[in-house]
Amino acid sequence: SNTGGVPIARRANHDIFVAHACLMGVAWVLFAPGAVIIARFLKKWDPLWFQVHRGVQLFVCVMVLAAMVMALVKGTRTETAHLVIGCVVASIAMLQLLSGLLRPKMDATSR
């Protein structure tokens, strides 16, 4: 196939870089704030708001994990600050998701 004169291996790495950037951008710019807006403004539709909020948060984490795998498998690791900050932020996002999954029931005394 025609890669425009770019070696195929280099083109594949570029495509993964673009996919990584797109996944992270959509996750953090659209879906994560969307989950916050759902939690802030849609509580009058209880319990539907929480189910939607949780689903969106889970989708954010899936997109972030997919983008991280792409970066860690095919990335150059030359941007150390980007790598470290990305791993820290992604870890915090996963901990936030875990805290939501381990959340006590509404009627629990520990809540």
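What follows is a short exchange about how residues in this predicted model get their labels.

Me: Why is Gln-57 called buried?
Reply: Buried means under 20% relative accessible area. Gln-57 has 14%. That value falls under the cut-off, so Gln-57 is buried.

Me: Where does Gln-57 lie, and what does Gln-57 touch?
Reply: Gln-57 lies in helix H2, which covers residues 48-74. Leaving out residues up to four places away in sequence, Gln-57 touches Ala-32, Ala-35, Gln-96 and Leu-97.

Me: Why is Arg-11 called partly exposed?
Reply: The label applies between 20% and 50%. Arg-11 has a relative accessible area of 38%. That lies in between, so Arg-11 is partly exposed. Arg-11 is part of helix H1, residues 8-41.

Me: How far is the C-alpha atom of Arg-11 from that of Leu-83?
Reply: The two C-alpha atoms are separated by 21 Å. Along the chain, Arg-11 and Leu-83 are 72 residues apart.

Me: What makes up the largest nonpolar core?
Reply: Nine residues do: Met-24, Ala-27, Ala-32, Val-60, Met-63, Val-64, Ala-67, Met-68 and Ala-90. H1 and H2 each supply at least two residues of this core. The largest share is from H2, with five residues.

Me: Which residues are in contact with Ala-27, leaving aside neighbours within four places in sequence?
Reply: They are Ala-32, Pro-33, Val-60, Met-63 and Val-64. Contact here means heavy atoms within 4.5 Å.

Me: Which residues belong to the second core?
Reply: This separate core has six residues, including Ile-38, Ala-39, Trp-49 and Phe-50.

Me: What makes the nonpolar surface patch?
Reply: The patch is made by Val-26, Trp-28, Val-29, Leu-30, Phe-31, Phe-59, Ile-85 and Val-89. Its area is about 700 Å². H1 and helix H3 (80-101) each give two or more residues to the patch. H1 gives the most, with five residues.

Me: How do you know that Val-26 is partly exposed, and where is Val-26 found?
Reply: Val-26 is found in helix H1. Its relative accessibility is 31%. Buried needs under 20% and exposed needs over 50%.

Terms used
Residues are numbered from 1 along each chain as its sequence is written. This is a predicted model: local features need pLDDT of at least 70, side-chain atom pairs count only at pLDDT 80 or more; totals for chains, interfaces and linings use all residues. Side-chain values use heavy atoms; hydrogens and water are left out. Helices (H or I, at least four residues) and strands (E, at least two) are DSSP runs, numbered from the N terminus. Buried means under 20% relative accessible area, exposed over 50%, partly exposed in between (1.4 Å probe, protein chains only). A nonpolar core is a set of buried Ala, Val, Leu, Ile, Met, Phe, Trp, Tyr and Cys residues joined through side-chain atoms within 4.5 Å. Patches are made of residues with over 30% relative accessible area and no salt bridge: like charges are joined within 9 Å, nonpolar side chains (Val, Leu, Ile, Met, Phe, Trp, Tyr) within 5 Å. Accessible areas come from the Shrake-Rupley method with a 1.4 Å probe; for residues, only the protein chains shown count as cover. A salt bridge is a side-chain nitrogen of Lys or Arg within 4 Å of a carboxyl oxygen of Asp or Glu.
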